[in-house]
Every structure is written in structure tokens, then in C-alpha cells.
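Hi,

Here is the structure I promised to pass on. Have a look at it first, and then read my notes below.

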Amino acid sequence: MLISLSPPSDWLSITLWVNVKGNLARCHPDFRRLYSDSGEFFPGKPLRSRISGNSGFENTQPTEARMAGMIRSTIILTFFLMGIFSADAKPQVPAGAAPQVRTSNPPELFSAAPATADMESAAQVPVPLTVLVAEALENNPEIQAALQEREAARQRISPAEALDDPVLEAGVINAPLASQPFNRDDMTMKMIGLSQRLPFPGKRALRKDVAAKDAEAIDYGYEETVNRVVRDIKSAYFDLGLTLEMARLVEKNKLVLEEFLHIAEDHYEVGRGNQADVLKAQTQVSRMMDELLQLARERPAIEAELIRALGRNEEAIAAPIPTPPQLQEESLNLESLRENALTQRPQLLALQSLAARNEKALELARKNYYPDFDVRMSYGQRDNMLDNSRRPDMVSLTVAINLPVWHGSKLGPREAESLAMRNQALNLYQAQRNEVIARLRQQVAMAEQSLKSIRLYQTAILPQARLTVESAQAAYRVNRLDFMTLLDNRMTVFNYEISLVTAIAAYNKALAEIDLLIGKSPARKAGSLPTSAESM
């Protein structure tokens, strides 16, 4: 049976209610403690003495008979009050009104919570790398600029071999200064003519070849731009994934260190440990907090680089969340990669095209020693003579050539310029070829060393270090190992976990750099599937 001891509203009921609660408080120690803690009663002091001003109960120690009587009266009064208060037990609700239900939180909080949770969960959904690469190919302004440059270069090929515009002329020839000038002199005529410049044979084809090689080099430059942007996206993607994973590991290690701190404090309180252990644990927890702050400072810069590479505008503040670090293992053969780089790298192919273009330009400069031709044809109409006798019309055909006589001041320097540009392109190609081979050797070595480290961490170092921590923790609980050794073992595991994810990121970034060096385009890359790393 549950009895409500809340105060009634009228004075008579208040008096009875005070008697009941006062007797209960004096008779039963649980009631004394309950109302003493709640603030409604002072220990051993009933409320009626405070209301009426009678303090005789304060120094009165109830006897056994009196206590039994108070219990009987309390029971009688309890049933009596139940009958009185039963009529007022139901809440007064107006007719036609719906009952009100009290909640601990406002309704708007419940309505807003699911939407906020959905937004946060949507923002935390990892985005695959292939999706971001496809986005960059569509939106990156650098790629779009290179695409437009390629289109412009292709449009320059046809005009390069086209002839100059023909020249149309019209006029009057040999007109005397007299009245009726058109029928006085036989040489007077009204003329219309057309002229066209014809380059020396071979010049037009060389001009087209120069423009075509220009377009070819720019086309390879567009492919190089695409590959470089994809490399930048991969690097930023892996760096951001590494930062987030390191933050997760730091947070996990911080929780473990806090647990160690509580254990050290417990041992210190019971005299089984010393204060230095507690201070050392606190220092390591603070160090983890500093690591989190440092990672939080690095994250915006990496996100900004990823947003820039994706080509998103400045309004796109939120950066995509990368997937956890995965090991994309690939077989690497230096000789095969070297051959692929020399035959597929767009940068090297562009330099080869540039060298071929300058070779054609040198041949064209040497062709300038030969003249061009100007062909002119005109028609002259003559009026009849004064005696009305007919005079025939006239036709003219002329051929003119330019005289390339300025060898020292014009033609010679142009030929020397073209020769220097050709040699420059050849030297640039050789220098870039050597650089590509050297960087390829470096990246392959870095990838191989990172892969070996990853396998060593996953198969030997980390499992052994974790077992060491478990053993040390069990020994410390039974006071068979000092706290410093336990803490050092845990920090060793943490450092190995950080080294593992760092090695995975370095390996993936080395693969991205190798893809750029050998000229692997995103279309060819799409066929390979990543291999997930072991769970850490």
C-alpha cells in the first residue's frame, strides 16, 4: 500500500498531517533520516513544534508505552486521512480538455534532435577516393583550363597551313585629265584585279607540322595536369585520413591512460603506490591532450588543400571525410616501371613533342631563304573610241617574288633561334628523364620499405607489444610490477600504432607518386582494387 504524505490544503488536514509525519519521524529512524535529508524536518524535531511554537518535544524521550500509543494513533490517523484525501486524489481537469503530460524536456528538443543527428551522421560518412577523383575531373578549374588550352591548340592546326587572304583591287588606269576621259585614250580602262601570295613549296606543310606538334605537346600537358591533380587529391586524402586516424588513436590512448591514472590513484590511496606514479600518469594524459590540439591545428590546412584540389568554391567549407587508412598493396618492378615512365609519362612525351616541334621550326626557318610568290590577275574594260569604233578589253597576269637578301640581320638570327630552341628542348627532355628515373627509384624504395614495416608491425611488433601490456597490467594489479614499466609499455604500443598508420599512409602516398611518374591515368587506375589492411 502506497500512502501519499504530501501536505493538504486546509488547516485541519494540515494539523492531522503534521501529527502523522511527526510521529513517524520520531518512531522510525528511516523516516527521521528521510525528512532530515529532504530539508522538511530537523533530526528529532517535528514540524508541529515549529508551527505552534511549542518546543517541549525537543527534550522529551518517548517511553515504550508512549511509543506504542503513538504508533496506534498514527495508524488510525493514516486510514482517516486516506478517506479524507481520496476525494481530492484526481487532478482537476476542465471539461473537454485533454490531459497534460509532463515531460522532462521541451518538445522542440525532441523534434530537433533527429535532424541534428542526421546532419552529423551525413557529415561523418566517409567518401571513397574514386568519387573525389571523378569530382575533380569535372570541377577542378586547373583541369578545365588545360582542357580549353588543348582545344585552342587543336584549332590552330588548320589555319597554320592556310593561304593568306587574296587581295581584290579595282580602279581606273591611265585616265587623261579631260572631258570624256574613257574614250579619248587607248590606254584608259576600268580595271578589276585579284592577287594571291603562294609560299614556297614545303613551307605550308612545315607550318602545319609546327602547329600540330604544339597541339600534341599541349595535349600531353593536359594529361600531366590531370595526373598531377589526382596525385594532389590522393596525397591530401591520405594525409587527412592519417590525421583522423591518429586523432582516434590518441583519444583511445588517452582513455587508457586515464584508466591507468585511476589505478595509480587507488594504489596511492591504499599505500601501495607513490605520488610519482600519479604525476607521471597525469603528465601522459596531458601530453595526449596536447597531441589532440596539434592534430586539430594540422587538420584545417590539409582540408583546405583537399578542397582546393577538388575545385570546390570558397563557400564549400566542409571537407569530405576519408575512409580509414587502407593498404593498397601493389607489386612493384623497377625495370618495368622505368619502361612505363619513359613511354607513358605525359611530361616526357610533351618534351619530345616540343623537341620535334622545334626541329620543324628549324626547317621552316631554313625555308625562309627561298622566296614566296605573289600571283596577280586583272581585267581591264575600255570604252569605244570617239568615232564609235570598238576597242577590245585587256587582261593582265603578273607574278612577283620577295627577295630574301637580309641574311645577317633577319634570316640568320631566326635560324639560330630555332636551333637553340631545339637543343633546349632536347636537353630539357634528358634532364627530366633523369629526374623521373631518380624519383621513381626513390619512391619504389620508399614504398618497399614502408610495406616491410607495415607487415612487421602487423605480424610481430604490435601483437607482442599488446601482449606485453596485458601481462604488465595483470602483474601491476597484484603489485608485482612497478607503474612506470606498465606506463612505458602502454606508450610503446601507442607509438607502434601511430607508426603503423603512418607507414600505411606513406606507402599509399608513394604509390600515388609512382602513378604520376609512370603516367598512369585515372582511367587505367580504376581497374585496381585496394586491399584492406588488418584491423588495428
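A quick word on accessibility before anything else: buried means under 20% relative accessible area, exposed means over 50%, and partly exposed is in between (1.4 Å probe, protein chains only). At 37% relative accessibility, Ala 445 therefore counts as partly exposed.

Keep in mind that this is a predicted model, where local features need pLDDT of at least 70, side-chain atom pairs count only at pLDDT 80 or more, and totals for chains, interfaces and linings use all residues. Residues are numbered from 1 along each chain as its sequence is written, and side-chain values use heavy atoms, with hydrogens and water left out.

Back to Ala 445: this residue is found in helix 13 (helices, H or I, of at least four residues and strands, E, of at least two are DSSP runs, numbered from the N terminus). Ala 445 sits 113 residues from Leu 332 in sequence, yet their C-alpha atoms are 9.7 Å apart in space.

Now the helix pairs. Helix 13 (residues 407-477) packs with helix 12 at an angle of about 165°, and their axes are 8 Å apart. Axes here are lines fitted to C-alpha atoms, for helices over the stretch in contact, with angles running from 0 to 180 degrees between N-to-C directions.

Helix 7 (residues 141-155) and helix 9 (residues 203-269) cross at roughly 170°, and their axes come within 9 Å. That makes helix 7 roughly antiparallel to helix 9.

Leaving out residues up to four places away in sequence, Lys 254 touches Val 285, Met 288, Met 289 and Leu 292.

Last one: Asp 372, in the loop between helix 12 (346-367) and strand 3 (373-381). Asp 372 counts as buried, at 11% relative accessibility. Its side chain makes a polar contact of 3.0 Å with that of Lys 203 (a pair of N or O atoms within 3.5 Å; within protein, one must be able to donate a hydrogen and the other to accept it, and residues adjacent in sequence count only if both atoms are side-chain atoms).

Cheers

Definitions and conventions: Angles under 35 degrees count as roughly parallel, over 145 as roughly antiparallel, 65 to 115 as roughly perpendicular and the rest as oblique. Contact means heavy atoms within 4.5 Å.
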